[in-house]
Amino acid sequence: MAPLLATAPNAIFFDEHKHPPVNANAADYYGHHIYTRARTYSNFLSNFQPPSHYPALWSHPRRGMFTPLVPTCRFDSLIKRGADRDIITPDEKPYTPRRFLIDVEETIRIVLEQEDTDGDFQISVTDSGPKVLSLGTATSNGYKTFDIRGTYMLSNLLQELALARDHGRQHIVLDEARLTENPVDRLSRMIKYSFWSSLTRRIDGDGLEIICADPKNRTANVKPRIYVPHGEPRMAEYYRKVAEDKPHLGLDVVVLPPKCDDPTFVKSLNDKPGLLALAMREVDDPKGSKTLKGIPFIVPGARFNELYNWDSYFISLGLLVDGQVEMAKGMVDHFVFEIKHYGKILNGSRSYYLCRAQPPFLTDMALQIFNQLDRNKYDENKKWLKRAIQAAIKEYHSVWMALPRLDPETGLSRYRPAGLGIPPETEATHFTHILEPYAHKHGISINEFSEKYNDGTIKEPELDEYFLHDRA
């Protein structure tokens, strides 16, 4: 009688008929550890002593029929570069969708080592690798391999492996269809199920650690800092309490003056940049009292880890397509808050953007969202729309139809942002080619020229004009 087979508690076994749908979101697709009853030889069994009455079965371990039930393991046949490619086993079912049995970390290592020749942790047309990788198929338990070819499939493979790792998976069964998916369909699916959530931010005690990070901050002062607008004492007190409760953050809470967009003042903040506070809602805390909670919003990502103006308009259109009406509505609430406290919808919600605006899309943004709000809350929705339109009217008259943004000769509006010195949020060498002739003219280094130009020691009106247009 064969011994009982050991299983992991609450194990979910791979069944090709119960495999998650190809287009499932990452949480559903990678949310469960998969175990297998397939014929598997694993290096996890190196210390296992087979029963004496099964010697023949272990004389050819890769064909072995006796194997305890273990998690899908790291076996040497999962990832191959040529061996056994022509072997066809009885397990192979050519009429079923092709799936691969993959060791996540090992495959990531091999993909990056072999294909990521420029070392940017992604696979693109600029990489000069062989653009082919063999993966073991799930139905053959890794004996039969299939080539993944080309930039698109390999880049999708790396992305899927990263998602699997994010969900704590060491081994996965991956559908080939996720690698060959139509690019538009894949991008739409990834945006809906992965990108929105990974790009969601909130400015409150729970979200500050992520949102305070600013890749654009090149100063020596990287201490997390939040600037709270004048006239919001409760908000300032809330953030002071967060700083007290979470001393590891090292959060600096600063209240802005009533007129916070004066160019000289904004320039004075360049060596201590920080996040600008946005709208919050009053909610019940676990103790039964009232507290504040940040309204979530979407950031563009990469270097841009804050709320942006016209990015948010196009983001909101995508959110509406994906049914995330409340998220889009919250971003309008932030814009209304910015107009009230910062005088305009800012280019972005960092201190160095206080003098800058972007195209006024608020009215259309609010109308698009209003049309998709719950029809059963018509009165509430109408009040919300009224607040948004009133804020847009205020910005229209005080910003776009006022000097310096109104051109008196043509009657047209322009960006015309205020600001002094070199914009501080750019990459270190971004303006090198612009500044070099001026530094040469004064006989000093570019760094010396930048310091003297920023502190006003050196005057260059032509350069002032250039940076005005750059900010715009």
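Predicted model: local features only at pLDDT ≥ 70, side-chain atom pairs only at ≥ 80, totals over all residues.
Modeller: Residues are numbered from 1 along each chain as its sequence is written, and side-chain values use heavy atoms, with hydrogens and water left out.

Biologist: At what angle do H10 and H12 pack?

Modeller: Helices here are DSSP runs (H or I, at least four residues), numbered from the N terminus. H10 covers residues 325–342 and H12 covers residues 378–400. Axes are lines fitted to C-alpha atoms over the stretch in contact, and angles run from 0 to 180 degrees between N-to-C directions. The axes lie 9 Å apart, and the angle is about 40°.

Biologist: How do the residues of the contact of H10 with H12 divide?

Modeller: Contact means heavy atoms within 4.5 Å. Val-332 and Lys-329 of H10 are among those taking part, as are Trp-384 and Arg-387 of H12. Ala, Val, Leu, Ile, Met, Phe, Trp, Tyr, Cys and Pro count as nonpolar, Asp, Glu, Lys and Arg as charged, and the others, Gly among them, as polar. The division is seven nonpolar, no polar and seven charged.

Biologist: Which helix gives the most to the lining of the largest pocket?

Modeller: The lining has 23 residues, with Arg-218, Ile-422, Pro-424, Ser-450 and Asn-454 nearest the pocket's centre. These 23 divide into eight nonpolar, nine polar and six charged. Helix H13 (432–442) and helix H14 (446–454) each give two or more residues. The most, five residues, come from H14.

Key: 1 Å grid on protein atoms, 1.4 Å probe; cavity = no way out; pocket = protein on both sides within 12 Å on 5 of 7 lines; lining within 4 Å.
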